[in-house]
Amino acid sequence: GEEGCKALGQLLKINQVLTTIDLACCERIGDEGCTALAKGLEVNQALTKLDLAHCEVGEEGCKALGQLLKINQVLTTIDLACCERIGDEGCTALAKGLEVNQALTKLDLAHCEVGEEGCKA
């Protein structure tokens with residue numbers, strides 16, 4: 001849940017070996033857990049894949065990830081599939097981060113309730 005993600009976020013600030021975190025289907029992560037992970041990844045230079053599919057990430061979590069994408073140039077894959085609370089605002093926040101990001105090659109938003117506005121972003 002959120003507390004575990006806070007601990008992982010702190011670990012990511014110092015760990016420079018771990019390349020993948022797969023937390024798929026950990027539904028209690030939510031926005032707070034996602035935000036904690038994103039803060040840890042701001043300084044991490046090793047992690048390339050973050051899987052948060054089915055983790056109840058919503059708009060606030062995507063705002064944190066969008067800010068992360070402006071800073072982190074190592075992460076190549078983010079999986080947010082089936083995070084139905086992302087919506088248009090969350091997708092827009094991610095798009096703003098991608099405007100300057102030069103590393104991310106895969107972003108999975110399948111089944112995330114993104115509408116026309118989110119797709120335009």
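# Loops, sheet and helices in a predicted model

Biologist: Where is Glu-56 found?
Modeller: Glu-56 sits in the loop between β2 and α3. Helices (H or I, at least four residues) and strands (E, at least two) are DSSP runs, numbered from the N terminus.

Biologist: What should I know about the model itself?
Modeller: This is a predicted model, where local features need pLDDT of at least 70 and side-chain atom pairs count only at pLDDT 80 or more, while totals for chains, interfaces and linings use all residues. Residues are numbered from 1 along each chain as its sequence is written, and side-chain values use heavy atoms, with hydrogens and water left out.

Biologist: Back to Glu-56. What is its phi?
Modeller: Phi of Glu-56 is near 60 degrees, a positive value in a residue other than glycine. Most residues other than glycine have a negative phi.

Biologist: And how accessible is Glu-56?
Modeller: Glu-56 has a relative accessible area of 35%, so it is partly exposed. Buried means under 20% relative accessible area, exposed over 50%, and partly exposed in between, with a 1.4 Å probe and protein chains only.

Biologist: Which residue has a phi near 70 degrees?
Modeller: Cys-25, which is not a glycine either, has a positive phi near 70 degrees. Cys-25 lies in the loop between β1 and α2. With a relative accessible area of 52%, Cys-25 counts as exposed.

Biologist: What does His-54 touch?
Modeller: Not counting residues up to four places away in sequence, His-54 touches Cys-25, Cys-26, Glu-27, Ala-81, Cys-82 and Cys-83. Contact means heavy atoms within 4.5 Å. His-54 is in the loop between β2 and α3, and is partly exposed at 34% relative accessibility.

Biologist: How far is the C-alpha atom of His-54 from that of Glu-84?
Modeller: The two C-alpha atoms are separated by 8.3 Å, with His-54 and Glu-84 30 residues apart along the chain. For Ala-110 and Glu-84, 26 residues apart along the chain, the C-alpha separation is 9.1 Å.

Biologist: Where is Ala-110, then?
Modeller: Ala-110 is in the loop between β4 and α5 (116-120). Leaving aside neighbours within four places in sequence, Ala-110 is in contact with Ala-81 and Cys-82. Its relative accessible area is 32%, so Ala-110 is partly exposed.

Biologist: Change of topic. What order do the strands of the sheet take?
Modeller: Four strands form an open sheet in the order β1-β2-β3-β4, with parallel pairing. β1 (20-22) and β4 (106-108) are at the edges with a single partner strand each, so one side of each has no neighbour in the sheet. Neighbouring strands are turned by 5 degrees against each other on average, direction ignored.

Biologist: How many bridges join β2 and β3?
Modeller: Three bridges, in the parallel sense, between residues 49-51 of β2 and residues 77-79 of β3. Two strands pair if DSSP finds at least two bridges between them. Asp-51 has Asp-79 in β3 as its bridge partner.

Biologist: How do α3 and α4 pack?
Modeller: α3 and α4 (residues 87-98) pack at an angle of about 5 degrees, with their axes 7 Å apart. They are therefore roughly parallel to each other. Axes are lines fitted to C-alpha atoms, for helices over the stretch in contact, and angles run from 0 to 180 degrees between N-to-C directions. Angles under 35 degrees count as roughly parallel, over 145 as roughly antiparallel, 65 to 115 as roughly perpendicular and the rest as oblique.

Biologist: And what is the angle between α2 and α3?
Modeller: About 10 degrees, with the axes 8 Å apart. α2 and α3 are therefore roughly parallel too. Residues that meet there include Cys-34 and Ala-38 in α2 and Ala-64 and Leu-65 in α3.

Biologist: How many residues are in the largest nonpolar core?
Modeller: It has 27 residues, and those with the most contacts inside it are Leu-50, Leu-52, Val-57, Leu-65 and Leu-80. A nonpolar core is a set of buried Ala, Val, Leu, Ile, Met, Phe, Trp, Tyr and Cys residues joined through side-chain atoms within 4.5 Å. The largest share, five residues, comes from α3.

Biologist: What does Leu-65 touch?
Modeller: Beyond four places in sequence, Leu-65 touches Cys-34, Ala-38, Leu-50, Ile-78, Leu-80 and Leu-94.
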